[in-house]
Amino acid sequence: MKRVKEKQLKTEEKASTKISGAEAIIHCLLAEGVDLLYGYPGGAIMPVYDELYKFQDKLTHILTRHEQAATHAAQGYARVTGKVGVAMATSGPGATNLVTGIADAQIDSTPIVCITGQVFSHLLGSDAFQETDIIGISTPVTKWNYQITTASEIPEVLAKAFYIAKSGRPGPVLIDITKNAQQELFDFSYEPCRKVRSYVPVPKPKTSQIEAAAALINAAKKPLIVFGQGIIIGKAEAQLKELVEKAGIPAAWTILGLSAMNTDHPLNVGMVGMHGNYAPNVLTNECDVLIAIGMRFDDRVTGKLDTYATQAKVIHFEIDPAEIHKNVHADVAVLGNAKETLELLLPMIDKNSHDSWHNEFKKRYDIEFDAVIKNDIHPTKEGLTMGEVIEQINIASGNNAIIVSDVGQHQMIACRYAKFKQTKSNITSGGLGTMGFALPAAIGAKMGAMDREVVAIIGDGGYQMNIQELATIFQNKTPVKIVVLNNEHLGMVRQWQELFFEKRYASTVMTNPDFVKIAEGYHITAKRVTKREELVDTISEMMASKEAYFLEVCVEQEGNVFPMIPTGASVSDVRLK
């Protein structure tokens with residue numbers, strides 16, 4: 001009789017074992033393999049932070065100094081690891097401060113999950129303290145969002161959030177959780193999400209379309225590949241390389257596709273777009289077959305649409321059906337994951353070389369080298385150039401560093417001249433063009449790839465938008481290298497003012513603080529270079545450092561980035577000066 005009672009008591013105890021919604025959130029994160037997240041606490045998310053405190057041995061929280069920085073750090077982490085980045089904030093301004101990073105992640109297809117606190121359910125719609133309709137605000141810039149109002153929803157919704165963020169074409173998901181849902185007790189169980197009704201993340205490739213693509217490629221006399229970040233997201237780097245080498249096709253990249261292919265590969269012909277390389281831009285309008293893989297024909301790539309590759313048959317390999325025919329009509333559209341579709345394509349491709357076509361790229365490279373490149377990376381003028389700084393970082397790192405660039409002239413120079421041997425090495429804000437991206441994104445990138453050197457390349461304008469994240473670097477002893485290319489201007493806007501607004505430099509001149517002293521205030525080793533003879537040794541010292549290092553390089557104030565395709569012009573109208 002006694003044993004029966006003991007058994008009954010144990011059963012009742014098990015049935016009454018409940019946990020809070022806040023604790024459930026932590027268990028959901030752990031179940032999804034999350035071991036690192038970025039955020040900033042506040043009243044409406046405090047129950048979750050209280051549980052985080054109890055799980056410090058399993059889940060590391062990085063306190064950024066601004067919520068926007070938390071999303072950018074999560075992006076940097078996601079981009080180098082391929083995992084889902086996680087950011088967390090409170091309600092009201094905490095939640096709205098996440099929006100820029102969320103929008104950036106949406107347009108650049110970066111998988112992040114953002115968790116925000118919200119006021120109690122019974123206060124929703126009452127304009128309670130720090131209540132903001134973050135669901136309404138974030139709907140246009142998220143892949144999916146949802147507001148949880150009861151604790152029992154938490155496991156299923158968070159499982160769905162991670163599945164949607166990382167599947168198919170990745171993107172940001174925001175989950176808003178009311179404070180009562182965080183406090184309520186419920187019986188917790190967790191099942192990972194593997195399917196969502198009516199959501200097809202990866203379309204099934206059609207054999208007929210792959211055969212049609214192969215026929216066009218095999219018949220082409222002047223084929224050109226333009227590859228984007230879809231290669232990296234789809235883990236199709238090896239398949240791209242095999243296609244390029246087997247068919248002998250010159251391959252150019254978008255800025256987010258950079259590093260998917262070794263930059264020194266003989267068939268890698270450079271960057272397309274507004275400040276891309278001369279040859280692939282001009283020859284886009286001379287190729288007979290244009291093969292776009294994992295890219296979305298952004299306006300910065302195409303220039304004037306009605307003159308873009310009109311002579312070519314266009315093949316578009318793409319995972320997202322919404323991108324097909326959106327900007328450029330595709331003669332053949334191959335839907336699916338790039339790795340899968342390229343693997344199906346490769347056996348159908350004939351061996352080829354296209355030597356005379358390659359010579360066209362070489363001729364135009366020589367023209368660009370004489371007119372632009374040699375002056376950028378081997379200048380004879382007195383002032384330091386951004387290009388020579390990037391070149392010295394290449395040399396010091398053996399082309400093995402992860403380069404995280406902000407937005408502006410320095411970004412275009414970094415993307416043009418950085419050399420990469422490994423994939424997932426170029427981290428930048430592409431579609432949204434977010435100034436302030438690089439410093440926090442470099443923190444996330446370094447924490448996701450501690451075995452690699454991470455160098456942030458930033459302009460003096462963008463640097464000051466998230467300069468407070470030096471404190472995050474200092475507190476966490478994150479050994480990231482920070483290079484500010486200081487031209488004392490908002491350089492990209494100033495260039496446009498020079499070329500198109502008769503040198504009326506309206507609000508682009510920067511009066512800057514002493515960046516070295518600021519970095520030293522955060523106990524970060526800091527140096528300033530103003531002369532060419534100081535550059536090599538200082539960059540070598542920076543790259544050899546095992547700790548965080550700040551380097552300010554004072555570059556020429558009126559340096560411009562060329563080639564350049566003026567807004568609204570054809571890719572054929574690229575300017576070399």
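1. The axes are lines fitted to C-alpha atoms, for helices over the stretch in contact, and the angles run from 0 to 180 degrees. Helices (H or I, at least four residues) and strands (E, at least two) are DSSP runs, numbered from the N terminus.

2. This is a predicted model, in which local features need pLDDT of at least 70 and side-chain atom pairs count only at pLDDT 80 or more, while totals for chains, interfaces and linings use all residues. Residues are numbered from 1 along each chain as its sequence is written, and side-chain values use heavy atoms, with hydrogens and water left out.

3. Helix α17 (residues 386–397) and helix α18 (residues 409–417) have axes that come within 9 Å and cross at roughly 45°. The two helices are therefore oblique to each other. On the α17 side the contact (heavy atoms within 4.5 Å) involves M386, G387, I390 and N394, which meet Q409, H410, I413, A414 and Y417 in α18. By class, 5 of the residues in this contact are nonpolar, 4 are polar and none is charged. Here Ala, Val, Leu, Ile, Met, Phe, Trp, Tyr, Cys and Pro count as nonpolar, Asp, Glu, Lys and Arg as charged, and the others, Gly among them, as polar.

4. I210, A213, A214 and I217 of α10 meet T341, L344 and L345 of α15. This contact has 6 nonpolar residues, 1 polar and no charged ones.

5. The domain assignment (bounds from an automatic or database source) gives domain 1 (15–187), domain 2 (207–360) and domain 3 (378–554). The C-alpha centres of domain 1 and domain 3 lie 30 Å apart. Contact between them involves 23 residues of domain 1 and 28 residues of domain 3.

6. How much area is buried between domain 1 and domain 3? The figure is about 1,900 Å², and carbon and sulfur atoms give 62% of it. Buried area is the accessible area (1.4 Å probe) that two parts lose on being put together, summed over both. In domain 1, R65, R79 and V80 lose the most area to domain 3, together 33% of what that side buries.

7. Two backbone details remain. F562 and P563 are joined by a cis peptide bond, with omega about 0°, and P563 lies in the segment after β20 (549–554). Q130, a residue other than glycine, has a positive phi near 60° and is found in the loop between β5 (112–118) and α7 (134–138).

Key:
Angles under 35 degrees count as roughly parallel, over 145 as roughly antiparallel, 65 to 115 as roughly perpendicular and the rest as oblique.
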